[in-house]
Amino acid sequence: MRRRRNISLHPKYIFGILTAVCVAIMILSFLYGDKLSPVKTAFGSVLTPMQKGINTVGRTISDKMDNFQELKGLKSTNKKLENEVETLKFQNKALQQDKSELSELRKLFKLDSLYPDYPKVGARVIGKNTNNWYNTFTIDKGKDDGLKVDMNVIAGDGLVGIITEVGHNYSTVRSIIDDSSSVTGVFSKTKDDCMVDGDLTLVDDGYIRVGYIRNKQVQIKDGYEVVTSTKSTKFLPGLLIGYASNVKLDSNNLQQSGYLTPSVDFKHLDTVLVITKLKEKLK
Amino acid sequence: MKRLITIAIVVLLCFILQSTVFQVLALANVVPNLLLIVTVAVGYMRGRTEGIFVGFVSGLLVDMVYGDIIGICAFIYMLVGFLNGYCKKIYYRDEITVPIILVCISDFSYNFLYYVFRFLLRGRLDLFYYIRRIMLPELVYTALVAIFLYKALHSINGWLEQSEVEEV
């Protein structure tokens, strides 16, 4: 502190200088975004273990809170159900075991039959963007686990997003509901191309935007599946994005657009799968 | 030196909390902006120069880890720290209302500038939706958290000032 007092520079000048620095970095990162990634990686590598550690704390807190809420509800209904439970207990147990096994098998079967070829790596979501404007998050695997930029990320049975940045032990994923995200999709039933764009104004309603459907004649019904197109430069073909709803002809009478319900529950994203195969680039 | 290390730890801690624990505790889908509170508090308590540096470092941290264009957050946070530094003149030890009001104004300005830089320039014109959906909820939540966080930061500052007096 005393050292700074010796070199007394007026705050205005410091502000001016640092503003210039900011603008310079902005321009640099805009023009040469790739070359700055080692610096970013250095930051991330230091912060990721800390985030990981504190995340376990956060998770236990939220688990505890859930438990508490559950307990409250259970207490009030417990008395009513006690009698019923006694009679149904034995039956229920046996049935439930069967059911859980069945659903697990079903899940596995569906997942594998949907994406048979792609090799996948599981990863845990460890941090979300501190900014409320964006839907990007970090996962706990990085370069050391063989991940690369532009690898696709899925969860359950649908597309989550794409890796935009990799560090040694972490990667940043931009989800498809992010406002700056844009994916080339195709309606699997009608084979019509479309663009799927994230939009912040629709996040709360659980929608993403689908547009640029060039075919005016085709009638897109609610519930039609949209999967990633083979024409996409970065996304592997055939990944489920979501289901159409309310697709109509635009007022300019040139194309159709509407909404899409993503097949992934982005509110409760905890673990994701990263497809470790990259889309082959044209040379 | 002691001050430098303490503030660095506070900034780091707030960043980590903001990106992890508070994401779980989000209300109305927004997360309070802890780093902004720190920047405002330091600017208000310590003046422009320190406000600028703390803002710059916090913003850079956010940019480095989550941003795609580095420097935007750094600039906005720095501006917030700088402008709040002017309010050092009305700094009074036991005052809590003024810093909370400053946090509110700063948070709104921060989000507004961010909207202009990253959304308006991409043609997202629905300003009032964004005000309702992000700016106002974040403002309220941040102000609530600021009541507690400012007290903590204030006592840390008091402790640092005392130890500096003892050193001299």
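Mentor: Two strands count as paired if DSSP finds at least two bridges between them. Keep in mind that this is a predicted model.

Let's start with strand pairing and work our way over to a helix. Strand 1 of chain A (residues 120-128) runs antiparallel to strand 12 of chain A (residues 271-275), and five bridges join them. You can find this pairing on screen through Lys120(A), which stands opposite Ile275(A) in strand 12 of chain A. Strand 3 of chain A (residues 152-155) is also antiparallel to strand 12 of chain A, with two bridges between them. There, Val153(A) has Val274(A) as its bridge partner.

Chain A has 12 strands and four helices. Its radius of gyration is 24 Å, well over the 19 Å that the globule rule gives for 283 residues, so chain A is more spread out than a compact globule. Its C-alpha atoms fill a box of roughly 85 × 55 × 40 Å along the principal axes, and 32% of its residues count as buried.

Next, the contact between the chains. Chain A puts in 35 residues and chain B puts in 37. On the chain A side, the elements that give two or more residues are helix 2 (11-31), helix 3 (37-114) and strand 1 of chain A. The residues on that side come out as 17 nonpolar, 15 polar and three charged.

Helix 2 of chain A is the part I'd look at closely. With 21 residues, helix 2 reaches 30 Å from its first C-alpha to its last, close to the 30 Å expected at 1.5 Å a residue. Its buried residues are Phe15(A), Leu18(A), Cys22(A), Ile25(A) and Ser29(A). Looking down the axis of helix 2 of chain A, these buried residues fall within an arc of 90°, so they line one face of the helix. The general rule is handy here: an α-helix has 3.6 residues a turn, so residues three or four places apart point the same way. Turned away from the buried side of helix 2 are exposed residues, among them Lys12(A), Tyr13(A), Ile17(A), Ala24(A) and Leu31(A).

What do the buried residues of helix 2 of chain A pack against? They pack against helix 4 (48-66) and helix 5 (72-85), both of chain B.

Let's follow helix 4 into chain B by way of Gly51(B), which lies in that helix. Gly51(B) has 31 other C-beta atoms within 10 Å and is buried, because the cut-off for buried is 20 or more. Leaving aside neighbours within four places in sequence, its contacts include Thr39(B), Val42(B), Arg46(B), Phe82(B) and Gly85(B). Take Gly85(B): 34 residues away from Gly51(B) in sequence, but 6.0 Å away in space, C-alpha to C-alpha.

As for chain B in general, there are seven helices and zero strands. Its radius of gyration is 16 Å, close to the 15 Å from the globule rule for 168 residues, so chain B is as compact as a globular protein of that length. Its C-alpha trace spans about 55 × 30 × 30 Å along the principal axes, and 51% of the residues in chain B are buried. Among the chain B contacts with a separation of 6 or more, 69% come from residues 24 or more positions apart; for chain A that share is 57%.

Terms used: Residues are numbered from 1 along each chain as its sequence is written. Chains are lettered from A and ligands numbered from 1 in the order in which they are written. This is a predicted model: local features need pLDDT of at least 70, side-chain atom pairs count only at pLDDT 80 or more; totals for chains, interfaces and linings use all residues. The radius of gyration is taken over C-alpha atoms; the globule rule is 2.2 Å times the number of residues to the power 0.38. A residue is buried if 20 or more other C-beta atoms lie within 10 Å of its own, exposed if 12 or fewer, and partly exposed in between; C-beta atoms are placed from the backbone. Two residues are in contact if their C-beta atoms, placed from the backbone, lie within 7 Å. Ala, Val, Leu, Ile, Met, Phe, Trp, Tyr, Cys and Pro count as nonpolar, Asp, Glu, Lys and Arg as charged, and the others, Gly among them, as polar. The expected span of a helix is 1.5 Å times one less than its number of residues. The arc is that of the directions from the helix axis to the C-beta atoms.
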